[in-house]
Amino acid sequence: MTTTLITNIGSLVTNDPTLGEGPLGLIKDAALVLEDEKVSWAGPAAQAPAADQAVDAAGRAVIPGFVDSHSHLVFAGDRTAEFNARMSGQPYKAGGIRTTVAATRAATDAELSANVAKYMWEALRQGTTTFETKSGYGLTVEDEARALRIAAEHTDEVTYLGAHIVSPDYADDPAAYVKLVTGEMLDACAPYARWVDVFCEKGAFDGDQARAILKAGQAKGLQARVHANQLTYGPGVQLAVELDAASADHCTHLTDADIDALAQGDTVATLLPGAEFSTRAEWPDARRLIDVGVTVALSTDCNPGSSFTSSMPFCIALAVRDMLMTPDEAIWSATAGGAAALRRTDVGRLSVGARADLVVLDAPSHVHLAYRPGVPLVAEVWRKGVRTV
Ligand code: NIG
Ligand code: FE
């Protein structure tokens, strides 16, 4: 056992309101003690216990590592031309997914794995210490199982998204594709995954299809999360609450009834401002969700189509500027909120027993993540008690 004292922390976000000020549990002039992979003490520096080794944070801010609870990293190729066309006025359409499906099917295992590693490293350098990632660009039994096997080499938070769109091979018979996704494909994919997801949207899967897919996944022991209400109003959010999904993701087009359902259920609303940025869509109403007590998470949705960013700091800045979240709310949502969306209590906080995943910012306060957008403020990243960046 080795203990490490990180002291002279100018301001520490613990996300434990019992330890400090406000929902962030903010402590000024703080210290942390790490014992192997975990936090064993957090509090004012003046009261810190001795440890085997000491590190001086030089007055900088420390926050929990970001929890990115929504990404699509198992893919090949990119969609630069589609992005360019969009920025010249073309609308975003889910059909662009097919371009990435073709490129992904054609890639080798090694190419796909190298891609996942590359984008996870890119995210880690920007402070992300917990990653969820999905399949969804294979859409055959073999290609979806392969995507999940590769994802599982890189993270424990793996999501089966065979129901991303109806496979082009089943364009004339969507019901047969739903049967495949809930049958043979699910059997092949479930051993690698913790979660089942569906893109519940016009042009993808309707409410009845989505319910059948999520329930089949749950019957196999997977937990549900849903791509809901991204491009249009629809049944996704209420279905997510009905099935006790951990998270309804996107939540861009919400009715009063959708917001009521979220407020009454345990489903987190995961907002993905990189997608609104990159598709020039309207912003989700984060303010209203938070004001009625919905738990809100922020994630990147990193994928080559609708949101090709791996940067949680960028998403925080967008959330503050364009979704009217306060800096404190955005930092909470990108850490504790992401943990809630993955139903995890071991990450997204820096209090006793938590995994020692933390970010040292080149700034005196976490607020600088929104105040100084686009500036590389992530100075150090510690994961499981080890400095990795
Ligand atoms: O979350 N909404 C569906 N899936 C992705 C986009 C995938 C793509 O365009 O390749 C999303 O935005
Ligand atoms: Fe997504």
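Guide: Alanine 341 lies in helix α13 (residues 327-341). Helices (H or I, at least four residues) and strands (E, at least two) are DSSP runs, numbered from the N terminus. This is a predicted model, where local features need pLDDT of at least 70 and side-chain atom pairs count only at pLDDT 80 or more, while totals for chains, interfaces and linings use all residues. Residues are numbered from 1 along each chain as its sequence is written, and chains are lettered from A and ligands numbered from 1 in the order in which they are written.

Visitor: Is alanine 341 buried or exposed?
Guide: A residue is buried if 20 or more other C-beta atoms lie within 10 Å of its own, exposed if 12 or fewer, and partly exposed in between, with C-beta atoms placed from the backbone. Alanine 341 has 31 other C-beta atoms within 10 Å, so alanine 341 is buried.

Visitor: Which residues is alanine 341 in contact with?
Guide: Two residues are in contact if their C-beta atoms, placed from the backbone, lie within 7 Å. Apart from neighbours within four places in sequence, alanine 341 has contacts with Ser69, Ala246, Ser247, Val268, Thr270 and Ala297. Take serine 247: 94 residues separate it from alanine 341 in sequence, yet the two are 5.3 Å apart in space, C-alpha to C-alpha.

Visitor: What share of the contacts in the whole chain joins residues 24 or more positions apart?
Guide: Of the contacts in the protein chain with a separation of 6 or more, 69% are of that kind. The chain has 14 helices and 16 strands, and buried residues make up 56% of its 389 residues.

Visitor: How does the radius of gyration of the protein chain agree with that of a compact globule?
Guide: The radius is taken over C-alpha atoms, and the globule rule is 2.2 Å times the number of residues to the power 0.38. For 389 residues the rule gives a value near 21 Å, and the protein chain has 20 Å, which agrees. Along its principal axes the C-alpha trace spans about 70 × 45 × 40 Å.

Visitor: Which domains does the chain have?
Guide: Domain bounds come from an automatic or database domain assignment. Here the assignment gives domain 1 (3-65 + 348-387) and domain 2 (66-341). Their contact takes 21 residues from domain 1 and 22 residues from domain 2. On the domain 1 side, β5 (61-64), α14 (368-371) and β15 (378-383) each give two or more residues, and the largest share, 3 residues, comes from β15.

Visitor: Which residues does the "binding site" annotation cover?
Guide: UniProt positions are given in the numbering used here, feature names are shortened, and annotations may be inferred rather than shown by experiment. The annotation, from an unreviewed UniProt entry, covers His70, His72, His227 and Asp301. These residues are spread over 232 residues of sequence but cluster in space, with a largest C-alpha distance of 12.0 Å.

Visitor: Where are histidine 227 and aspartate 301?
Guide: Histidine 227 is in strand β10 (residues 223-228). It is buried, because 30 other C-beta atoms lie within 10 Å. Aspartate 301 is in the loop between β13 (296-298) and α12 (312-322). With 27 other C-beta atoms within 10 Å, aspartate 301 is buried too. Leaving out residues up to four places away in sequence, aspartate 301 touches several residues, including His70 and Ser306.
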